[in-house]
Each structure stands twice: as structure tokens, then as C-alpha cells.
Amino acid sequence: MKLVSAIIKPFKLDEVREALSAIGVQGITVTEVKGFGRQKGHTELYRGAEYVVDFLPKVKLEIAIPEDLLEVVLEAIENAARTGKIGDGKIFVMDLEQVVRIRTGETGADAL
Amino acid sequence: MKTINRSAWLGAGLAAMPALALADGAPTLVDASTISAGDTAWMLTATALVLFMTIPGLALFYGGMVRRKNVLSTLMQSFAICALITVLWTVVGYSLAFTPGNPFIGGFDRVLLDGLVYLKDDAKLTTHPLAGTIPESVFMMFQMTFAIITPALITGAFAERMKFSAMLVFMTVWSLAVYVPVAHWVWAPGGWMADHGVLDFAGGTVVHINAGVAGLVAALVLGKRVGYGREAMAPHNLVLTLIGASMLWVGWFGFNAGSAVAADGRAGMAMMITQIATGAAALAWMFAEWIAKGKPSVLGIASGAVAGLVAITPAAGFVDAKGALAIGLISGVVCYWGATGLKHMLGYDDSLDAFGVHGVGGIVGALLTGVFAVKAIGGVEASLSAQALGVAITMAYCAVVTFVILKLVDAVIGLRVDEEKEREGLDLVLHGERVE
């Protein structure tokens, strides 16, 4: 099992969710986050006072999937979240040791 | 009667006019038939409009500009000042400002509003000589709303760091020691500035220069906010600020057109002049910022509108449309410089630009009133030197007395919250509440 964590532009969330649903992903966890990468921040100006805003708002998705879905999931996120401009985000993939469905107590792949 | 009283009011300064010799400036008991329904209806409305400028107008204008942790404390200051000045004005403020005394301060004839009456069965009521066609109750209320907004304007200068208790004590003393005497000098029949030909139609000197200078002194005495210049202090919600600025703009028709104390041609002129100057100033600030910094900002255009409203205030009853355009354009650019260049050059932390907008705009407006006043409209001859004298004396008096009051309050209760509390935010520390 794999845990896919994707940082994307907030306005791309709906497109990514639709693309994932279309390939059979059952659940996603979404968090509003802030951060910076190569895009860096931006400058704001209020009555002559300049503030450099280092952290930009992004959305983080977490998706737990069986290993055989990994390639299509990565492809779906990439295609849906890409604008081609700096700041499109990143995808991280991790091994997932265990999953438990709290309601039934099922574990492992059955709980995905 | 009506005309005579009117000139005494506007005249702010025509000592020689027979009007002033007529009454000694004391309110009198008259027949209800002398009251004009039209004038009274308009002044009831204008009074409500001016109160609306402070709550919620100014409260929101300022509240949007502070950081999220201080928004409630900022709103609270304007609201509490509204309640506080209502009581003070009733107990003694109105009497000291608007009843006869000497050229420097009024008397005690209206303490607790003693003698201000409406007698239904006799069909009699009192009127004030500055407004002979409306009940004294309405005149007193109209003036009260000006006494409320002036200290509320000062709070922008020391936002995000002053103790609430110290703020209440300071405002109580300041209102009686600075606002009330200056209002008497400029507006009361026999006030010494009025006698020297200083023109201030709706309160450019009394309200805006006074509040701006007091704000500057407060910013200097309290010192900068913790982290000023190093940490981000961006406004937390400019939507609130734009709503507040819009309420100020609309409410200002009560302030300026209401200062005609009648529903007449002069009120109409004042309303038109106010709108023209405000539009011009909003554009002037916006373009100045656009040229200097590359973007036309929402905070910029809103600030420019307020700067124009401030600057046209002393001139609203004296200038024509061309004068209004000029005053608007000049004040928009000069106040942009006041809130950006001047402030950063001198390094004080006038947090929300009480001085940069109200002080600078008030001075520009007071001086330009002397330049652009048209005798055919105001019925009076304006003088730049008289205007400059009014500005200089008000600034000096206000600065000195404000400084002394602040030092006294600092010695007794302390002006600022300590650093840790300031970092945590005044909402939680002072009021035990927060927005989210």
C-alpha cells in the first residue's frame, strides 16, 4: 500500500478530485496549507509599508491506495493539477504500513 | 431671525455683525411656532448620519486595518468612546462648549442639560442662537455626534498597543480639556477664533486637526508597536475597511451639509461640494500610488476618499465646484505623502494614519479654505493668514495639552500593555474575547 501526498494549487482541487474519482479512488483527505518552493512568496504594499509574504496558500491531498493503482493515480493528479506555470506543486509517495477501518476493525488492503 | 442666526453660525468669525450683538449666545425659550419642520427633519437625519460615521463607520474603517488579534479591541474603542462622550457631553461638555462664558470657555448654564426644555402644554421650547429654527435638543445632539467622532479618530494613531483603561481616562480628560475649548473658540458666539475671522464650516480645525495632532502626539508618546518595521502588520480585512470608508463618505453628508443647520440652498451646496472633493481626492491618491508604487490599491482609494472628506470639511460652505475639485486633488496627493512618505521619513508609528490623513488633510483643507472661499457663497471674506493662525494655535494648544494628559495618565495607570500582552493581542488580553 502507498500513501500519496500531493501539494497543489487550491483552485485545482476540484479537477484533481474528479480525476481521482474517475479512476476509482475511494477517499481523499484535504488540508489547507501554506508553504513555499521555487515560486517563492510575493510582496504586499499597504500605505507605503511593504510586506514580503513568504508562504503561499496551497492544498494538500492525502490518498491511501493499493500499490497497483499508484501509476494511474500519479498520472491523474499530474494531469489535473498542471497549469505549466511555476507553483503547480509536488507529489510525495510513501510506503504505507498499516490501515485500519475504525468502524469494522478491518485492516490492510481490505480497509482501503 | 433665521438669517441672522445662520450668519452667526457660519460666520464663525464675524464679530462685527449685528447678529452677534443681538444675542449674548445663550439659548432662549421660544414659541414652538418658530421651529421649522423642514430644518428640524433634516437636522434629525444629519445627526443620525454623523453618529453612523463613528459606529460602525470609523470602527470598521479602523477595525479592518489592524491585525486579526486586535480587531475587537479596535471596534471597542470607537463604541466605548461613543457611550462615554454621550454621558460627558450631557453632564458638562455641551454647556462648556456652547453656552456663554468668556472667549476661551463656555459656562455652566447647561450642566446636566438644565434648562434645555420642551414644554408641550405651553407650546414652548428652547433653541440655541446658532440654530434658531430647530429645537435645542436637536442642536445639542448634532454637536454631540461631532464630540464623539473626534476622540474616536485619535484611536487610529495608537491602535494595537494602548490599555483600554488608560484610553478611557485619556479620552475623558482630552474631550473636556481640548475638544470642548477648541469647539468654543471656533464655533460659539464670542469664541475668540470666531472673532478673529477663522473659517471652519463643519469642523476641519475642531475635529480633524485636533484629532490628527492628538494622534501624532499619542503615537510619539506611546512609541512604536512591538515589531514595527520588522514584522508583518498587514491589515487583516480590507473589506471591513472599504465598508467603513463608504459609511464615512455617506455619513459625511450629515457632517457637512448638516453644518448648514438648515434644509436650504447652502446645505445643498455643501453636499455637492463634499461629493466633488471626495471623488477628486480618491482618484488623486489612487493615481499617485499607481504612479509611485505600480498598483492602485483598495486601501489607497479608500484612504484618498477619507482625505478628501477631511479636507473639504472646513470649506464645504464656502467654496464652489472648482475650489472643491482643487481641494480634493491637492489633499489626495498630500495625504498620500502624509501617510507614506512623511510617516516613514520621521519614523513614528501612527498605526492607522490618524495624523497622516486627518491631521494633514485638516491642515490642507483649513489653509485652502482661505484660498478658495467665494464671498458670494459664504457671505464672508476669507483670509489665508486668519486660517493659518487658526491652524497654528489649534496645533500648538492641542499638542501641549495632549502631551501633558498622556504623561499624567502614563504616570498613574500606564499607557501601554506590556510586550507579552501586545504580542498575544488586545482582544484576548483586554477583553477576553476573540473573533475566531
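Guide: The largest nonpolar core holds 147 residues, and B:Leu248, B:Ala281 and B:Trp285 touch the most other members. A nonpolar core here is a set of buried Ala, Val, Leu, Ile, Met, Phe, Trp, Tyr and Cys residues joined through C-beta atoms within 7 Å. Buried means 20 or more other C-beta atoms within 10 Å of the residue's own; exposed means 12 or fewer, partly exposed lies in between, and C-beta atoms are placed from the backbone.

This is a predicted model: local features need pLDDT of at least 70, and side-chain atom pairs count only at pLDDT 80 or more, while totals for chains, interfaces and linings use all residues. Residues are numbered from 1 along each chain as its sequence is written, with chains lettered from A and ligands numbered from 1 in the order in which they are written.

Take B:Ala281. Neighbours within four places in sequence are set aside, and its contacts then include B:Gly304, B:Ala307, B:Ala311, B:Leu329 and B:Ser331. Contact means C-beta atoms, placed from the backbone, within 7 Å. A second, separate core has 14 residues, among them A:Val16, A:Ala19, A:Val25 and A:Val73.

Now the sheet of chain A. Its 4 strands run in the order S2-S5-S1-S6, open and antiparallel. Strands (E, at least two residues) and helices (H or I, at least four) are DSSP runs numbered from the N terminus. Two strands pair if DSSP finds at least two bridges between them. S2 (29–35) and S6 (89–95) of chain A are the edges, each pairing on one side only. From one strand to the next, the twist averages 20°. S2(A) and S5(A) (residues 56–65) share 7 antiparallel bridges. One of the partners across them is A:Lys60 in S5(A), facing A:Thr31. Helix H1 (residues 13–22) of chain A packs on the sheet, touching S1 (2–8), S2 and S5 of chain A, and its direction makes about 10° with that of S5(A). Axes are lines fitted to C-alpha atoms, for helices over the stretch in contact; angles run from 0 to 180 degrees between N-to-C directions.

S3(A) and S4(A) (residues 49–53) pair antiparallel over 5 bridges. They form a hairpin with 2 residues between them, and A:Arg47 in the turn has a positive phi of about 45°. A:Thr43 has A:Val52 of S4(A) as its bridge partner.

Last, the interface. 6 residues of chain A are in contact with 12 of chain B. Strand S3 (residues 42–46) gives the most to chain A's side, with 3 residues.

Key. Two residues are in contact if their C-beta atoms, placed from the backbone, lie within 7 Å.
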